Amino acid sequence: GVLGRLYAEALQNTPAAPARALRLAGSSRLLAFCYGTLPAAAPQLLAYTLYRWEMNIRMAAILGFVGAGGLGQLLYVELSLFHYAQASTVIIAMLLLSMAVD
């Protein structure tokens, strides 16, 4: 839901002149959106997507650690059983998933 709202705001704040020019030149609405609006908004849409990805990984780890399941639960189980090699693998996987965003 949050990501949809951020996308809508990013698309709404994109300059309308390129899409309008394409429409006046005879382009369809879809093509005007794809070639006029989307290229201008694409960097911001990608930034929002990557931010939410990283945020979801962190939330999954924290919520799972307190008992809601997910990556954090796996980490909690491995740490409580003193399986430090497996726990470090889970930690490294979480770090790599977060660093893949950057």
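**Helix packing and a nonpolar surface patch**

In this predicted model, Met59, Leu63, Phe65, Val66, Tyr76, Val77, Leu79, Leu81, Phe82 and Tyr84 make up a nonpolar surface patch with about 1000 Å² of accessible area together (residues with over 30% relative accessible area and no salt bridge, nonpolar side chains joined within 5 Å; Shrake-Rupley areas, 1.4 Å probe). H3 and helix H4 (71-80) each contribute at least two residues of the patch (helices are DSSP runs, H or I, of at least four residues). Leucine 81 sits in the loop between H4 and helix H5 (84-101).

Local features need pLDDT of at least 70 and side-chain atom pairs pLDDT 80 or more, while totals use all residues. Residues are numbered from 1 along each chain, and side-chain values use heavy atoms, without hydrogens and water.

Turning to helix packing, the axes of H1 (residues 2-12) and H3 (residues 29-65) come within 9 Å and cross at roughly 145° (lines fitted to C-alpha atoms over the stretch in contact, angles from 0 to 180 degrees between N-to-C directions). The contact (heavy atoms within 4.5 Å) involves residues including Leu6 and Tyr7 of H1 and Leu45 and Tyr48 of H3.

Within H1, arginine 5 and glutamate 9, four residues apart, join their side chains in a salt bridge at 3.2 Å, N to O (cut-off 4 Å, from a Lys or Arg side-chain nitrogen to an Asp or Glu carboxyl oxygen).

Terms used:
Patch = residues over 30% accessible without salt bridge, like charges linked within 9 Å, V, L, I, M, F, W, Y side chains within 5 Å.
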